[in-house]
Amino acid sequence: MSETNHDSMFGKLALDFGFCTEEELAYCKKQLRERAKEDPATLEHVLISNRFITPNQAKRIKQGTKEGTKEGKDAAEQIPGYKIMGKLGAGAMAIVYKGKQMSLDRIVAIKILPRRFSENPDYVRRFYKEGKAAAKLNHNNIVGAYDVGEAGGYHYFVMEYVEGKTLYEDLAKGKIFSEQEAINITTQVASALAHAHARGLIHRDVKPKNVMINSAGIVKLADLGLARDASDIELAKSEAGKAFGTPYYISPEQIRGEIDIDGRCDIYSLGATFYHMVTGKVPFEATTPSEVMRKHLKEPLVPPDHINTSLSAGASEIIEMMLAKNKNDRYSSAEELLIDLDAVRRGEPPLRARKKISISDLQQLQNGESIDMETEEVSEDQLDMVRRYKVLIVILSSVIAVLVLLVIFLFASQ
Ligand SMILES: Nc1ncnc2c1ncn2[C@@H]1O[C@H](COP(=O)(O)OP(=O)(O)OP(=O)(O)O)[C@@H](O)[C@H]1O
Ligand SMILES: [Mg+2]
């Protein structure tokens with residue numbers, strides 16, 4: 001399964017290659033939106049199932065997204081003021097090179113948008129948006145943004161070079177992280193998110209490939225390419241119905257194409273990443289992206305401590321709360337999540353995850369529906385209070401009993 005699900009890019013390429021018509025594409029996009037809730041799918045799948053493109057053509061389209069390597073290198077070499085030192089990697093939309101910024105004599109990472117995407121104003125807009133969004137942020141756990149521009153018809157984005165690896169590389173090798181290691185990484189990403197969310201920016205694509213770890217063990221959240229202002233409703237509307245992000249880590253509300261996405265979608269994706277770190281598995285696995293997405297929407301989560309039995313109940317509760325299907329049942333903010341992460345790191349219970357009645361439960365109660373209540377662990381303080389009340393009730397009932405007896409005795413003796 002492909003790691004990214006950029007339906008709009010796939011559609012554009014299907015058109016560019018002449019594999020389908022504008023009408024067929026529009027028809028499939030509409031179908032995709034309509035089925036997003038019940039039976040989510042990718043544009044690729046819908047185009048194939050309508051027999052507008054063949055599976056072989058789909059393969060050629062995906063190949064096309066990787067094609068930019070050579071042209072990208074040529075482009076990178078044209079950027080004034082930088083010397084290209086080698087390729088760092090390639091994602092679905094861009095190629096990243098290692099380079100040297102000559103004026104400051106520092107090593108940087110340069111992201112180049114392939115020319116075929118430069119022709120699409122929508123992609124170019126999103127590319128510059130990444131630069132601007134990242135430039136607003138200044139945090140030790142966020143990859144710093146340095147420069148953005150255009151050279152020889154190619155758009156580029158210069159950023160802090162992270163010497164290290166992505167979390168994806170470790171997970172792909174099958175590494176299972178210890179609870180403390182995973183809490184440490186999750187805490188650093190949550191701090192980055194708290195910083196971005198406070199500035200109205202939602203990442204929308206938190207996943208192991210975008211979590212880099214440098215040689216000093218500092219975690220750097222990369223790729224704010226899909227970030228946008230929380231208030232940018234127009235952009236949200238234009239993206240409605242398209243499942244951006246990666247199916248393994250994507251939130252249910254993003255799958256449904258909801259337009260009022262907030263920071264809680266990043267908390268879900270970080271929860272999926274946390275789950276993967278401690279269990280060695282993604283929360284929902286299937287052979288097709290649509291099946292993965294259906295599971296995000298409908299399938300109950302296998303609690304992480306059922307897979308990794310050495311996981312503490314507290315860590316498991318945090319992950320389950322992060323991965324709640326209803327965003328109202330998740331942590332309301334990255335700060336709130338940080339408090340629980342810190343508690344579990346210190347061996348204490350995650351108090352926020354243990355609050356038993358959630359907002360959605362209250363709504364259910366209001367509608368006259370019953371709710372499942374878990375038995376709550378009662379603290380010593382609470383037990384103390386119950387004991388004191390018991391004593392008070394016994395004293396009161398004894399006083400009442402004596403009074404009643406006295407009254408009866410008085411009446412009887414008259
Ligand atoms: N600032 C950086 N410093 C060092 N290496 C980087 C940096 N940014 C990206 N890379 C490397 O380049 C690769 C490609 O990054 P890019 O953001 O284009 O795609 P991705 O996040 O891996 O995948 P996708 O496009 O599917 O989201 C990364 O996987 C990483 O190995
Ligand atoms: Mg990336």
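I count two strands as paired if DSSP finds at least two bridges between them. With that in hand, I opened this predicted model and began with a hairpin.

**Entry 1**

I looked up strand β4, residues 145-151, and found strand β5, residues 154-160, as its partner. The two run in the antiparallel sense, and six bridges join them. What stands opposite Val 148? I traced across and landed on Phe 157 in β5. Then I checked the turn, where two residues lie between the strands.

**Entry 1: helices α9 and α12**

Next I took helix α9, residues 179-198, and its packing against α12. The axes are 10 Å apart and the angle is about 165°. Angles over 145 degrees count as roughly antiparallel, so that is how I describe α9 and α12. I noted their crossing as right-handed.

Which residues of α9 make the contact? I listed Glu 179, Ala 182, Ile 185, Thr 186, Val 189, Ala 190 and Leu 193. From α12 come Asp 266, Leu 270, Phe 274, Met 277 and Val 278. Sorted by class, the contact of α9 with α12 has nine nonpolar residues, one polar and two charged.

**Entry 2: helices α15 and α16**

I moved on to helix α15, residues 313-322, and helix α16, residues 334-345. I read an angle of about 165° for this pair, with the axes 9 Å apart. That angle makes α15 roughly antiparallel to α16. The crossing of α15 and α16 is left-handed, whereas α9 and α12 cross in the right-handed sense.

On the α15 side I wrote down Gly 314, Ala 315, Ile 318 and Met 322. They meet Leu 337, Asp 340, Leu 341 and Val 344 of α16. By class, the contact of α15 with α16 comes to six nonpolar residues, one polar and one charged.

The chain averages a pLDDT of 82, and 80% of the residues score at least 70. Where is confidence lowest in the chain, and where is it highest? The lowest mean, 45, belongs to helix α10, residues 233-239.

One is residues 228-245, which has 40 contacts in the model beyond near neighbours in sequence. Another is residues 373-383, with four such contacts.

Key: Residues numbered from 1 in each chain as written. Chains lettered and ligands numbered in written order. Predicted model: local features only at pLDDT ≥ 70, side-chain atom pairs only at ≥ 80, totals over all residues. Helix = DSSP H or I, 4+ residues; strand = E, 2+ residues; numbered from the N terminus. Axes fitted to C-alpha atoms, helices over the stretch in contact; angles between N-to-C directions. Parallel < 35°, antiparallel > 145°, perpendicular 65-115°, else oblique. Left-handed = near helix turned anticlockwise from the far one by under 90°. Contact = placed C-beta atoms within 7 Å. Nonpolar A, V, L, I, M, F, W, Y, C, P; charged D, E, K, R; others polar. pLDDT = per-residue confidence, 0-100.
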